[in-house]
Amino acid sequence: MTIQHGILIRPPVEAYSLLLNVTEGCRWNKCKFCGVYRNQPYWVRPLELVFKEIDFYAMQYGREFIDRVFMAGGSALSAPTDHLEKVIKKIAETFPNTLKPEGRISSYAKNHDILRKTPDELRRLKEAGLKIVYMGLESGSDKILKMMRKGTNVYGQIKASKKLMESGIKLSLYIILGLGGVPLSEEHALKTAEALNKINPDKFRFRTLNILPISDLWAERDTFQICPPWMIIQEELTILENLEDHVTSEVYNDHMSNYVGIEGKLPEDKEDMIKYLKILLKDPRTKKLKHKGLLSM
Ligand code: SF4
């Protein structure tokens, strides 16, 4: 059997998971900084096809060897709930280790797709076995979300985040450092901290803006004032410094685009992380660092 699938993008933390295309492309497909799915039509893959693939992988790798499955696609949660529930149940039945504490079934989600589902529908997905969802908060600034055509505002991001966590599904948010460029750097950091204070996600992860040739932002590469690395580090510091003590998230810097690798649990590791970033910012060599300018991510 040959598996034909669309573009498979996954969070770095899902590098060793089985990647299963449940949807292909992105229903929104307009964020200026992205472009990953620009040439890929959006569709929900038929159950028959997804089930066949699950059976194929079970035969190929063995049911007991798979304990993590990432449901790929720009937002697998955009699939109808009945459809998704059947897929998750089939994954869990075929690979029972995904339901163990160290296993997981996960996906990306866009806030619209969470908001479209009722609390009961989200609970059904959680009960079927969906453990964690990765969502792009990107920024807590409405100005930046609009400028980047995220198609939502901070209110929507907060509402969707809370709704998802209330269902018992864990939430990991992505924040894109440098997303406002030099002029909006401080606003980006302060407003993002404000949003995180309101959400208190289970986890949040930093990544850093790179202007990719596949993205619409590429056309603005000569005018968009990309933040130098010291400013990126400063944004991360400002975010952490402005988090209130009730925020208990895990913090990750697990993306190749980042300049620091600090990770920890809030609030207990906050002071150490802040201290580390301050030391880094005082080092004169930090000011001379060049932006990575990655052309693929
Ligand atoms: S960032 Fe996410 S929502 Fe935006 S276009 Fe890319 S895949 Fe779609």
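How are helices α2 and α4 oriented to each other, roughly parallel or roughly antiparallel? The structure examined here is a predicted model, in which local features need pLDDT of at least 70 and side-chain atom pairs count only at pLDDT 80 or more, whereas totals for chains, interfaces and linings use all residues. Residues are numbered from 1 along each chain as its sequence is written.

The axes of α2 (residues 81-94) and α4 (residues 119-128) come within 8 Å and cross at roughly 15 degrees, where axes are lines fitted to C-alpha atoms, for helices over the stretch in contact, and angles run from 0 to 180 degrees between N-to-C directions. The two helices, α2 and α4, are therefore roughly parallel to each other; angles under 35 degrees count as roughly parallel, over 145 as roughly antiparallel, 65 to 115 as roughly perpendicular and the rest as oblique. The crossing of α2 past α4 is left-handed, a term used if the near helix is turned anticlockwise from the far one by less than a right angle, with right-handed used if it is turned clockwise. On the side of α2 the contact is made by T81, L84, E85, I88, K89 and A92, and on the side of α4 by E121, R124, L125 and A128, two residues being in contact if their C-beta atoms, placed from the backbone, lie within 7 Å. Helices (H or I, at least four residues) and strands (E, at least two) are DSSP runs, numbered from the N terminus.

The strands are considered next. Eight of them form an open sheet with mixed pairing, in the order β1-β4-β5-β6-β7-β8-β9-β10, and the edge strands β1 and β10 (264-265) each pair on one side only. Two strands are taken to pair if DSSP finds at least two bridges between them.

Within this sheet, strand β4 (residues 68-72) is mostly covered, as five of its five residues are buried; a residue is buried if 20 or more other C-beta atoms lie within 10 Å of its own, exposed if 12 or fewer, and partly exposed in between, with C-beta atoms placed from the backbone. The covering applies to both faces of β4, with R68, F70 and A72 buried on one side and V69 and M71 buried on the other. Strand β1 (residues 18-21) runs parallel to β4 and is joined to it by four bridges, and L20 stands opposite M71 of β4. Four bridges also join β4 to strand β5 (residues 104-109), again in parallel, and in β5 the bridge partner of R68 is R104, while that of M71 is S107. Between β4 and β5 the chain passes through helix α2 in a right-handed β-α-β crossover, meaning that, with the strands pointing away from the viewer, the path from the first strand over the helix to the second runs clockwise.

Strand β8 (residues 203-208) is also mostly covered, with five of its six residues buried. Six bridges join strand β7 (residues 170-177) to β8, and these strands run parallel, with S172 standing opposite K203 of β8. Strand β9 (residues 250-252) runs parallel to β8 and is joined to it by three bridges, and the bridge partner of F204 in β9 is V251. A right-handed β-α-β crossover likewise takes the chain from β8 through helix α8 (residues 229-241) to β9.

V154 lies in α6 (residues 154-166) and is buried, with 22 other C-beta atoms within 10 Å.

Some backbone features remain to be described. Most residues other than glycine have a negative phi, and most peptide bonds are trans. E138, in strand β6 (residues 130-138), has a positive phi of about 65 degrees although it is not a glycine, and R149, in the loop between α5 (142-147) and α6, has a positive phi near 55 degrees. E138 counts as buried, with 24 C-beta neighbours inside 10 Å, whereas R149 is partly exposed, with 15 other C-beta atoms within 10 Å. The peptide bond from L266 to P267 is cis, with omega near 0 degrees, and P267 is found in the loop between β10 and α9 (270-282).
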